Amino acid sequence: MNSGWALNEVELELVGRFRELFKRKSMKISVEPGTSLLKIIMELGDAIGVDLRSEFIGPDGKPMDESSLIIVNGRVVDLTRISEQIVKPGDRIVLAPSVAGGG
Amino acid sequence: MKGYAGKYLIVDLTRGKTSVGRVDESFALNYIGGYGFGARMLYDMMPKPAEVDPFSPENVLIWWTGPLAGTISTAGNKYAVFAKSPLTGIFGFGISTGLFASEFKSAGWDGAVFTGRSEKPVYLTIDDENIELRSASRIWGRTTWETEEMIKEELGDESFTVASIGPAGERMVRLANITNERNRQVGRCGLGAVMGSKNLKAVAARGTKDVEVFDVEGLVRFIAELNERCQGPATEKYRVYGTPANILVHNKLGCLPSYNFQRGTFEYAEEVSGEMMLKTHVKKIIACAGCPIACDHVNQAREDHAGTVSSVDYESLELLGPNCGIRSLDTITKAVEICDTLGVDTISAGNVVGWAMECFEKGILTKEDTDGVELRFGSNEALLEALRRLCLKEGRLGMLLSEGVRRASQIVGKGSERFAMHCKGLEWAAYELRSLQTSTLGFAVSNRGADYLRSGSYQVDVKGQVDRLRLDKSRGKIVYDGENQYAVIDSLIICKFTRGVFKSMDELAKLYTLVTGLSMTGEQILKAGERIHNVARCFNVKCGVTRKDDYPPPRAFEDPLPDDVVKGAVIRREEYEEALDGYYECRGWSRDGIPLKRKLLELGLSKEAEEVGVEA
Ligand code: SF4
């Protein structure tokens, strides 16, 4: 665990429209041990009154072509495993729009 | 057949004569338009491309629209230009957007082919069937923006659209572009310099005819549906922040090139982000003709360079910003204006200046070489001065940079070739090589050189569908599939930003059939994409391209990334070789990257099979 972190805290960084939704660039949130990424997303959505899950997962329960991104410690999360991925204290989670461009 | 005008213009600049060529059904079905027509025609018109100097009258300059231009099709008003590139020495190609393509098509022409060289500067006017080569002596030396205004004034008609070159094209700067409607460009491969070498300053087009489509009602229904999808989540990112939204996302992923690709993050990313730009610099958001998305973010500089207005997309922002260590949106807005008005590609320009800054900081270039410019990363003044000199080929620095990064690094030597970020001579675009490795394979095998627009292979990297910090054989198939699809998109020609609104290749084929009346399935149109890609590769093979040319620059293999999020990321050579083998296998090419005879014959390319193809 990083020093300077309260027990069970993770850092959430927000990019693009997620900044507008949360009206901030970043925040620290406390999580219970063993919490999945999906649970955090659902709880965050509830807190701001937005269906946050639908940014990442389509109505058919699968990621969409244009799903937003979740990046944990620099790694892009495979959204098909969002309910299995457990968040650890000290993790840096970024919510970002999908990349736009020619690529 | 509808959609197509059915004819193209042939302009012999040496003799000042024009004639007409025909587009028939089999040409249309096999090559679709745009990229396909250009590849086919360049291959046929230049039988020995290796012997052609790109600046000689023997180079051929080809312009094509696609079947959708001038119709109501969503985001389909595009045109493409082709020639042997003076920057890369191989297949040169670029696409621009805007009203120009629809005016050109509405005048009754699918394309134009320019041969030879005019003795004096000229521009071409296409006013329906009235074609005229006019003297450009009054506008020679003018910027692209001035040229557009002066031509309209001279013709006494605002409804002409103008595609022109600036002073950079006239001086045959190898990075020179072609500009229409002020901020839309055929950007890459130095095709503006080919225009300059032919003394062709501009093409002005105006059309009054309707482009006929096969099934009007069906098309209207389908386009209404597509336009509605365009308002959905698939394109929101383009509409709100535009492509500059990538800055912060790439920074978080460690794939934002900075300091000439020495790093994959930029400590001042927030200051040049799409979010910041929208808040402080975006003056208006505009759309190309017939596009319901509207992604073009036009900036206005504030304190420094107040009054400067330019259109800033992700690539320009990134290469002229973080890649040169620049953190001022005012400076970047000004830098784009310099490139747009004087007429050079912002991507290549930002790349080569970044390289020169690294050379300067390492002592490889001195103040003597730069005519006194302190070419340091982060210096706003140095960036703007270097760009101006590059565009005008002014002094030692300007002459050097105007050659593009490959040639410049060969001239300077002293190990600077190692960090000249290009492939096949085309400057690498704003995607870090070591932290997006599928994307890197896609760039490196592309027909144009380091090309970010030919396969979309970055998508699997950024979506977490593969390990983006490693490579394996399976990546070859991803690039292969993407390239074939993009070849279709670039032949129709539609905007790539709409790719998310089409559910399948069948829908692209349906659009083609509704417009042209020529029956086409998703499978057939994809096959056409593969055929087109192979024709362009065969042209390149004739120019000497083989496996040796399909690699990223040495830095990708030798300098691990230092940034926290992707620390140590580097491309492992053996993995790259494996991925490249996988790609060639999918393509049906030899291990040396040459198309096999049997693959070419399967695609109906018997001429290429005979001239270029090898046995298995
Ligand atoms: S999405 Fe942007 S670039 Fe594409 S056609 Fe629309 S406005 Fe033009």
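Predicted model: local features only at pLDDT ≥ 70, side-chain atom pairs only at ≥ 80, totals over all residues.
Between domain 1 and domain 3 of chain B I count 13 residue pairs in polar contact, both partners at pLDDT 80 or more.

I then asked which elements carry the domain 1 side. Helix 1 (25–31), helix 2 (34–45), strand 3 (61–65), strand 4 (78–84) and strand 5 (91–97) of chain B each supply at least two residues that touch domain 3. Helix 2 gives the most, with eight residues. I sorted the residues on this side by class and got 23 nonpolar, 13 polar and six charged.

Next I looked up salt bridges. There are two between domain 1 and domain 3 of chain B. I noted the pair Asp44(B) and Lys607(B), whose closest N and O atoms lie 2.7 Å apart.

How many residues of domain 1 and of domain 3 are in contact? I find 42 on domain 1 of chain B and 37 on domain 3 of chain B.

Last, I checked area. Domain 1 and domain 3 of chain B bury about 3300 Å² between them. Carbon and sulfur atoms account for 70% of that area. Which residues of domain 1 lose the most area to domain 3? They are Ile32(B), Tyr35(B) and Tyr43(B), and together they make up 24% of what the domain 1 side buries.

Terms used: Residues numbered from 1 in each chain as written. Chains lettered and ligands numbered in written order. Heavy atoms only, no water. Contact = heavy atoms within 4.5 Å. Buried area = accessible area lost by both parts, 1.4 Å probe. Salt bridge = Lys/Arg side-chain N within 4 Å of Asp/Glu carboxyl O. Polar contact = N/O pair within 3.5 Å; in protein donor to acceptor, adjacent residues only side chain to side chain. Helix = DSSP H or I, 4+ residues; strand = E, 2+ residues; numbered from the N terminus. Nonpolar A, V, L, I, M, F, W, Y, C, P; charged D, E, K, R; others polar.
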